[in-house]
Amino acid sequence: MRCKKVVTMLPLDSPRWSELDAFFGDSEQVPIVLTKWIDAIGFDQERTIYERGLYQLFLHQGTITNVAFAVIPWIVEYCQHAEIPNRIEYIADVALVELNRLTRGVHYVRDDGDTEPAWLMADYMHAIEQAQTIAENLMDEAVHEERRSHLWRMMPALFGNAELAQQRRSQPGPRNELP
């Protein structure tokens, strides 16, 4: 009999957020912005809060800090259990975080910081596994062609194939040949 793994995410009120690094401001702002995004899901401000707030804290200009490993499980959780219109973009961003982890690592960490905090990585890796299934399902859905092409480029990173993801990113996306 197989036991289903229970994933715990870093609680939004945890003092451990202060041990992480964010691009702008301090990492203690991340759970505040994450809460605003969660509250905005399904409303007009959802994408704006994500792009101008949350995204800029953990995935600025395509690079990451270690706070990304705490944010990704939250994003995947909501993409898995909520009908989020923008989830194809969110899952592509999850893949970009994983691509960074596999190739460049974190862009910045304080002198006393940990690039991949061990206390976060099990939940992060489980979220990556969940994102694989979500991405596969999204590829099967009829979605906007450009968005689907972007996810197709990034998907290999979710499966540990950074080289293929980088090759796909550097070429124009296929149109009618998408699987």
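**Notes on helix packing and confidence in a predicted model**

1. Let's start with α6 and helix α7 (residues 162-169): their axes come within 7 Å and cross at roughly 165°. Axes here are lines fitted to C-alpha atoms, for helices over the stretch in contact, with angles from 0 to 180 degrees between N-to-C directions. Angles over 145 degrees count as roughly antiparallel, under 35 as roughly parallel, 65 to 115 as roughly perpendicular and the rest as oblique, and α6 and α7 are therefore roughly antiparallel to each other.

2. A word on what you are looking at: this is a predicted model, in which local features need pLDDT of at least 70 and side-chain atom pairs count only at pLDDT 80 or more, while totals for chains, interfaces and linings use all residues. Residues are numbered from 1 along each chain as its sequence is written, and side-chain values use heavy atoms, with hydrogens and water left out.

3. Ala, Val, Leu, Ile, Met, Phe, Trp, Tyr, Cys and Pro count as nonpolar, Asp, Glu, Lys and Arg as charged, and the others, Gly among them, as polar.

4. Now have a look at helix α3 (residues 68-81) and helix α5 (residues 118-140), which pack at about 35° with their axes 8 Å apart. On the α3 side, the residues include F69, I72 and V76, and on the α5 side they include L120, Y124 and I128. The contact of α3 with α5 has 13 nonpolar, two polar and one charged residues.

5. Helices are DSSP runs (H or I, at least four residues; strands are E, at least two), numbered from the N terminus. In helix α2 (residues 46-58), Y55 and F58 lie three residues apart, about one turn of the helix.

6. On confidence, pLDDT is the predictor's confidence in each residue, from 0 to 100. The protein averages 87, and 90% of the residues score at least 70. Residues 1-6 stay under 50, and the model has two contacts for them beyond four places in sequence. Residues 175-179 are also below 50, with nine contacts in the model beyond near neighbours in sequence. Where pLDDT is low, the predicted coordinates should not be read in detail.

Methods:
Contact means heavy atoms within 4.5 Å.
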